[in-house]
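Welcome! Please take a moment to look over the sequence and the 3D structure below, and then we will walk through some of the details together.

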Amino acid sequence: MTKSKITMKTVILFVFLIGTQLFTLSQTNKQYDLVIYGGTSAGISAAIQASRMGKTVVLIEPTNRIGGLTTGGLGQTDIGNKQAIGGIAREFYQNVKKYYQQPENWKWQKSNEYKDGGQTRTDSGEDAMWTFEPSAALKVFQQMLENEKNINLVYNQRLNRNSGVIKKKGQIISITMDSGEIYSGKIFIDATYEGDLMAASKVSHTIGRESNKKYGETLNGVHTADTARTMTNQPSHNSINHNFVRNVDPYIEKGNPKSGLLPFINRKGSGAEGSRNKGVQAYCFRMCLTNHPENRIPFEKPANYNELEYELLLRNYEAGEKGFPWINSDMPNRKTDTNNRLGFSTDFIGQNYDYPEASYAEREIIAERHRNYQKGLMWTLAYHPRMSEHIRNEVSNWGMCKDEFTEGNGWQEQLYVREARRMISNYVMTQYNCEGLIVATDPVGLAAYGMDSHHVQRYVTKEGFVKNEGNVEARVKGPYPISYQSIIPKKNECKNLFVPVCLSATHIAYGSIRMEPVFMVLGQSASIAASMAIDKKISVQQVEYNELMPVLLEYKQRLN
């Protein structure tokens with residue numbers, strides 16, 4: 001009798017434990033209509049749109065901050081033509097204006113003291129504002145998400161890129177995070193700058209610059225010629241294409257090749273003109289600086305400072321450079337959006353090649369190297385005795401902001417990933433789309449910025465001097481349409497995935513498309529198409545454009 005009771009208890013306990021485990025698994029595997037990986041501006045826009053169309057949506061952000069570059073320092077919005085921006089993107093910029101219409105949001109200056117002198121300066125009668133502090137953008141995005149009922153926002157969940165994507169019959173069924181959390185959905189959107197979900201789903205993609213021959217272009221591939229044709233509706237950022245002045249010596253010991261090259265110079269040379277190049281255009285951090293004494297954190301010399309890493313900077317000035325190596329664009333409250341300019345600046349040229357496909361740990365190391373490089377750069381500009389006096393006097397007046405990115409002492413976590421992976425779908429956007437020579441007939445948004453590539457590498461010329469390679473600044477004729485086919489994979493690769501950020505485009509075309517408001521537009525359009533696919537129970541490739549277009553217009557997207 002006793003033995004029988006023990007056996008029964010054991011069975012009951014076993015059943016209870018199994019039931020508990022199954023319940024836990026069911027709780028972990030969360031079901032949604034739409035699963036969005038990446039809380040960038042594109043991901044936020046997509047989530048809001050899905051909620052407004054009555055869909056359940058999870059927005060998964062791998063870090064502890066949403067908004068990507070829009071909240072990460074890129075406050076001087078790159079657009080080209082503001083009239084190309086509609087929908088939720090324009091709504092965001094309208095909300096930014098409302099934010100700054102509140103007197104309590106002007107702490108370090110009065111609103112009437114601020115004058116936007118950037119490329120997207122706001123006219124007095126305009127309904128939107130295009131320049132903003134990172135903290136302001138974050139508050140606006142948070143409020144917009146809080147106003148929606150169907151969005152589950154998840155922080156600090158990173159995709160298991162090795163085995164986390166489960167596909168059946170060409171469709172993603174679920175994605176698993178490094179934490180073990182599982183998210184199942186009917187449609188998935190990869191809104192990351194890196195294209196991690198796309199790559200883990202085995203969708204075709206590329207990295208780096210195609211050769212000019214691949215798509216018959218003229219601005220792709222290795223580009224040693226100085227190409228800086230004036231961009232339509234955009235300022236000329238510099239007169240010598242972000243390059244060195246003449247006769248800057250590249251060797252550790254001047255004039256002695258045997259002494260070796262200074263850091264960050266490609267020892268193999270530039271490569272053949274127009275040829276394929278696997279390098280990625282340079283990254284940086286878009287710094288938010290201030291010259292307000294009460295809010296300024298002076299630039300500090302990093303503990304691992306290596307003067308040799310800035311020797312080319314010093315030699316460039318000693319060889320005759322006079323300009324400031326930054327674009328210091330004003331933002332409200334005496335802050336700036338500070339970006340790269342001239343031959344040696346915030347772009348850490350040639351030091352990001354491994355980033356797109358690196359592990360998370362490796363990416364963190366690369367990002368930290370970029371951050372330390374810029375910390376050393378700013379200290380050198382502000383305080384190094386060999387630096388030109390007029391540069392030191394001006395730069396030393398600036399510093400990081402005490403009230404921005406407080407967890408990093410003014411330095412953000414979001415690296416400016418200008419380009420990483422790019423999908424290869426049935427429609428590849430090219431230089432000729434940007435120039436209006438080829439026109440997509442199924443637009444889901446417009447791009448209008450010039451074709452903009454930052455430098456990819458630094459090399460020694462045949463004359464024995466240092467030069468940067470890869471800069472292209474070429475105009476577009478006007479706003480041009482982006483194809484629906486360029487944000488969806490080939491049908492035989494994945495039937496329920498959208499890729500609005502790492503979309504299908506050549507390197508030079510992506511240089512025009514890769515702007516934050518355009519990513520918002522494409523994220524919203526992807527979400528509209530996803531909702532239609534869910535309702536009709538069809539693949540993303542089966543969405544009929546003649547049915548999609550009127551819905552895009554209904555939600556105020558601008559298509560022509």
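How are α3 and α12 oriented to each other? Let us begin with that pair, keeping in mind that this is a predicted model.

## Two helices that meet

Helix α3 covers residues 87–100, and helix α12 covers residues 516–536. Their axes lie 7 Å apart, and the helices pack at an angle of about 135°. Since an angle over 145 degrees would be needed to count as roughly antiparallel, and 65 to 115 degrees as roughly perpendicular, α3 and α12 are therefore oblique to each other.

Which residues make the contact? On the α3 side they are G87, I88, A89, F92 and Y93, while α12 brings P517, M520, V521 and Q524. Sorted by class, the contact of α3 with α12 has seven nonpolar residues, two polar ones and no charged ones.

## The nonpolar cores

F92 turns up again when we look at the largest nonpolar core, which has 96 residues. F92 is among the residues with the most contacts inside this core, together with I36, Y484, F498, I513 and L548. Helix α12 also returns here: the largest share of the core, twelve residues, comes from α12. Another core lies apart from this one; it has 35 residues, including Y251, I297, Y310 and L314. In soluble globular proteins, nonpolar side chains tend to be buried together.

What does F92 touch, leaving aside its neighbours within four places in sequence? Its contacts are T70, F132, A137, V140, F141, M144 and M520. M520 is also one of the α12 residues in the helix contact described above.

Next come strand β4, residues 165–168, and strand β5, residues 171–176. The two pair in the antiparallel sense over four bridges, and K168 stands opposite Q171 in β5. Together β4 and β5 form a hairpin with two residues between them. In the turn, K169 has a positive phi of about 55°.

Is S539 buried or exposed? S539 sits in the loop between α12 and α13, and it is buried because its relative accessible area is 6%, where buried means under 20%. Leaving aside neighbours within four places in sequence, S539 is in contact with K491, K495 and A533.

N393, found in helix α9 (residues 389–395), counts as partly exposed because its relative accessibility is 44%. N393 and Y317 are 76 residues apart along the chain, and their C-alpha atoms are separated by 15 Å.

Conventions:
Residues are numbered from 1 along each chain as its sequence is written. This is a predicted model: local features need pLDDT of at least 70, side-chain atom pairs count only at pLDDT 80 or more; totals for chains, interfaces and linings use all residues. Side-chain values use heavy atoms; hydrogens and water are left out. Axes are lines fitted to C-alpha atoms, for helices over the stretch in contact, and angles run from 0 to 180 degrees between N-to-C directions. Angles under 35 degrees count as roughly parallel, over 145 as roughly antiparallel, 65 to 115 as roughly perpendicular and the rest as oblique. Contact means heavy atoms within 4.5 Å. Ala, Val, Leu, Ile, Met, Phe, Trp, Tyr, Cys and Pro count as nonpolar, Asp, Glu, Lys and Arg as charged, and the others, Gly among them, as polar. A nonpolar core is a set of buried Ala, Val, Leu, Ile, Met, Phe, Trp, Tyr and Cys residues joined through side-chain atoms within 4.5 Å. Buried means under 20% relative accessible area, exposed over 50%, partly exposed in between (1.4 Å probe, protein chains only). Two strands pair if DSSP finds at least two bridges between them.
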